[in-house]
Amino acid sequence: MARLDRELDAVLGARPRDPAACADVLGRAAFACRTDPAAAEQWVEAELLDELADCYEALGRVDEAITVMRRALQVGWAGVPDGRCRIAELLMRDGRVQQATEIWEQVRADTPDDVWLYNNAGVEYAEIDDHETALTWLTQGLRLAMATGDPEGLVEQLADLREESLSELGRREDQLQRDAEEFLDNPPPPPGRRHRAVGTAPAAPRLATAPTAWPPGAPALPATATAPIAQDTPRRPTQVPVAFAWFPATDYPQALRRWPQLTQQGPAKGAADHAAYNLALQRTLTQYADSGSSRLHVAAVRVEPFLAWCQQAERDPATPDARSGYAAELLRRADPAVVAWPPGRNQRCWCGSGRKYKQCCGSAAR
């Protein structure tokens, strides 16, 4: 099994990946999970099958991808949206739209409150230029997201996708698009939570710095918020844009040499390596999202530009305040180093691994 584990790491870590090699190793690992208790302890069969389905799709072996995904559901694959949506996507991309439509409709009947369903269906219909159907799904999803306070942080994405479909259909911006813009500018408090005002929102998004006791992974507080917050608990929810400072793999070793305290305090305390550092930040982001915060971002901090900014801004780069201030500055100027969190399940993970989010930091097993 140790040899198979090394093979698995090698084929999944290769850039670019070889789908055929990945399919071979993933298939053997998934089979081992069914026949060897030690393998079942080492890997999660459902996740191996999920990734195997992607490999089969890349190889054009759609029916095998569908069979594997159905097997994944049988052995406990669980996620958002419903795993049947992945089968519908495979069918859509293979031209079997009617079969896919039946699945989309069944999933909607079973999980009508899953906003990701409407997002994914809208994306797939738009991909085949059926913008009328895409618009129907995206409209329902956008209304649902706003009505529920946007706990998944999808209003902006749904509005953008819907705007594209409207444009493709030759239609003007409608009232729902304007409502979405208003929602994003002045988001309501999460449903069921007492709203605590943090000041009147100006026209531009507010960015600020975190308390000086916070570690580099901590998000910024709105400028008007002054209440102290414990480092190990999520703060009160906020819908203003905030950025978490994070050192990517290329800069992490240098950052540790300069500031060894990075893993001696806060959410990343005790992180043994960059992977553990990433997962610590993922847990923190998830806590904040669960507490009702939205519009969260990860700001990749490169050491040399950060030091130059600190010198110009007269900040001490060893302090969490400087790192969070730099993250806020990157977010303010819409720097490409800032990415919205969470990414879509099938998008590349925010940590730069090259893997899909669902198979990396967004994996339920991790």
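Which side chains meet in a salt bridge at 3.1 Å, N to O? They are those of Arg-93 and Glu-57, a salt bridge being a side-chain nitrogen of Lys or Arg within 4 Å of a carboxyl oxygen of Asp or Glu. Arg-93 lies in helix 6 and Glu-57 in helix 4, so the pair ties together parts that are 36 residues apart in sequence.

The model is predicted: local features need pLDDT of at least 70 and side-chain atom pairs count only at pLDDT 80 or more, while totals for chains, interfaces and linings use all residues. Residues are numbered from 1 along each chain as its sequence is written, and side-chain values use heavy atoms, with hydrogens and water left out. Helices (H or I, at least four residues) and strands (E, at least two) are DSSP runs, numbered from the N terminus.

Glu-57 also forms a salt bridge with Arg-86, with the closest N and O atoms 2.8 Å apart. Arg-86 in turn bonds in this way to Asp-54, at 2.5 Å between the closest N and O atoms. Asp-54 and Arg-86 are both buried, whereas Glu-57 is partly exposed, at 22% relative accessible area; buried means under 20% relative accessible area, exposed over 50%, and partly exposed in between (1.4 Å probe, protein chains only). These residues belong to a salt-bridge network that also includes Glu-89 and Glu-124.

Elsewhere, strand 1 (residues 242-246) has five of its five residues buried. Strand 1 pairs in the parallel sense with strand 2 (residues 296-300) over five bridges, where pairing requires at least two bridges found by DSSP. Within this pairing, Val-242 stands opposite Leu-296.
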